[in-house]
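Thanks for making the time this morning.

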Amino acid sequence: MTVFGCLRGTTVGTLQIFQSQPKCIRKTLGIFLRNASSFVPKRVLIVAKLTRYHFEKLREPNLNEEEFKNKLLERGSDYDLLFDTYRATKDIENEVAKVLNKFNIEYKKVNRSNISRSDVTWADLVLPIGGDGTFLLAANLIFDNKTPIIGINSYPLHSEGFLMLPSYYTKNISQIFELLKAGQYDTLMRSRIRTTLKGEGIWNPPFHMHEEKHFCGVERFFSNGQLKPANSDQLNERQLPWLALNEAFVAEVFAAKMTTLLIKFDDAENFHRIKSSGICISTGTGSTSWYKAINGISPQLVRQIFDLLNNQKNYTNAEINEICCKFNDSLHFNPEAQNLSYAIRDMNMTKVFPVPKSLQRYNFCKKLTVKSLCFNGGLVLDGGIAVQFNLGTTAEFEIDPEGALRNIILPV
């Protein structure tokens, strides 16, 4: 019996041990004390990272390896790093396949170029191998809150992989399935954003941002069987099937062009008119990503503020860094939270165009309504799926309680 198995068999003793541990230990123990159900998947969908090396090889099919290497070097690419990432990813894929065979688990392996919705509905566990981009790719094709997902970081040396398992499991893949079988895991129901469009042109086909990089096959990627309704009464409203795990972003397609939007929060009657570089609507999961990048502060900014205040204290670099870390960490919130956060990026503030006093640059809400005043606007979900969002079109963003992502968590 494992240590955690012993803990499950006690009551008062367990609580005493639990309360006496440091906070980080208590968190890990809590995971195991809450969960005791064995999970042995029958069908696993491996979603493999389409590495930059492989992608470039697809673009240059007539070059031998030496010619290919020289061409990448001429472009300024790091050939050795690209090849190492490719090789490491393939090694992990092969190791996962070996482990699944050992456990007699059926599996399929797909990547960005050939993945389809039917692959996801076939599986009872989705297993992305790569980084956070590969995780988001797989999550975008899970439309319910029942199919579990768990990610393996294929190259921790050069990938943070916040959504993936800790790097320990990259070298201990067999233990992943042993822990699942033993019930030593937790389930994190990550909130996701549901988007409803209203207006004209909302049934135009979506596209994936990677299509701009000519990834083959992605045009079939997001059909999900959603067809333009025959009934004309239904043409002016569309609930997008794709749920945003990190964020939704609205802006003019050309980054140098000012974005003009009307926004309102929850059940407010009136819109605020804003000019900015776009608005980011985020979940708790996404609060560690772009939302943090938009709102985070730097040591340079903090020191300049103290200098303007003529503060007599001479703060050390360590103290400045601590202030930044505390503030930036405070931007994070619970991935299971049922509220949204928003951040208005580079909000334009002038005497001619004053910002209403009641409008905060970033805050929380339950529902956000955005009306486009853009001429070449786009609405992008998780940095991938994009739809047109032009003049007069309205988008409503809310957390969908029925659309949470079932993310399996293992101990650190």
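This is a predicted model: local features need pLDDT of at least 70, side-chain atom pairs count only at pLDDT 80 or more; totals for chains, interfaces and linings use all residues.

Let me begin with a convention: a residue is called buried if its relative accessible area is under 20%.

Ala343 belongs to strand 14, which covers residues 340-344. Leaving aside residues up to four places away in sequence, Ala343 touches Gly278, Ile279, Cys280, Tyr291, Ile294, Asn295, Arg361 and Tyr362. If we turn to Trp290, the C-alpha atoms of Ala343 and Trp290 are 9.5 Å apart in space, while the two residues are 53 residues apart in sequence.

For the chain as a whole, there are 12 helices and 20 strands, and buried residues account for 48% of its 412 residues. Among the contacts with a separation of 6 or more, 75% are between residues 24 or more positions apart.

Now to the aromatic rings, where the count comes to 14 aromatic pairs. One of these pairs is Tyr53 with Phe68, whose ring centres are 5.5 Å apart and whose planes stand at 85°; since a pair counts as edge-to-face when that angle is over 60 degrees, this pair is edge-to-face. Tyr53 sits in helix 4 (residues 52-59) and Phe68 in helix 5 (residues 65-75), so the pair ties together parts that are 15 residues apart in sequence. As for accessibility, Tyr53 is buried at a relative accessible area of 5%, and Phe68 is buried at 1%.

By way of contrast in geometry, Phe306 and Tyr315 form an aromatic pair that is stacked, with 4.3 Å from centre to centre and 10° between the planes. Phe306 is buried, its relative accessible area being 18%.

Coming back to Tyr53 and Phe68, which residues form one aromatic cluster with them? The cluster is made of Tyr53, Phe68, Tyr79, Phe83 and Tyr86. Within it, Phe83 is found in helix 6, and at 29% relative accessibility Phe83 counts as partly exposed. Phe83 and Tyr53 are 30 residues apart in sequence, yet their C-alpha atoms are 6.0 Å apart in space.

Lys57 lies over the face of Phe68, at 4.9 Å from the ring centre, and the charged end of Lys108 sits over the ring of Trp122, 4.6 Å from its centre.

Finally, let me turn to a pair of helices. Two packed helices are described by the angle between their axes and by the distance between those axes. Helix 6 (residues 79-102) packs with helix 9 (residues 173-182) at an angle of about 40°, the axes being 9 Å apart, and that angle makes helix 6 oblique to helix 9. The crossing of these two helices is right-handed. On the side of helix 6 the contact is made by Ile92, Glu95, Val96, Val99, Leu100 and Lys102, and on the side of helix 9 by Ile173, Ser174, Phe177 and Glu178.

I am happy to take questions.

Notes. Residues are numbered from 1 along each chain as its sequence is written. Side-chain values use heavy atoms; hydrogens and water are left out. Rings of Phe, Tyr and Trp (its six-membered ring) pair if their centres lie within 6.5 Å; planes under 30 degrees apart count as stacked, over 60 as edge-to-face and the rest as tilted. Helices (H or I, at least four residues) and strands (E, at least two) are DSSP runs, numbered from the N terminus. Buried means under 20% relative accessible area, exposed over 50%, partly exposed in between (1.4 Å probe, protein chains only). A charge sits over a ring if NZ of Lys or CZ of Arg is within 6 Å of the ring centre and within 35 degrees of the ring normal. Axes are lines fitted to C-alpha atoms, for helices over the stretch in contact, and angles run from 0 to 180 degrees between N-to-C directions. Angles under 35 degrees count as roughly parallel, over 145 as roughly antiparallel, 65 to 115 as roughly perpendicular and the rest as oblique. A crossing is left-handed if the near helix is turned anticlockwise from the far one by less than a right angle, and right-handed if clockwise. Contact means heavy atoms within 4.5 Å.
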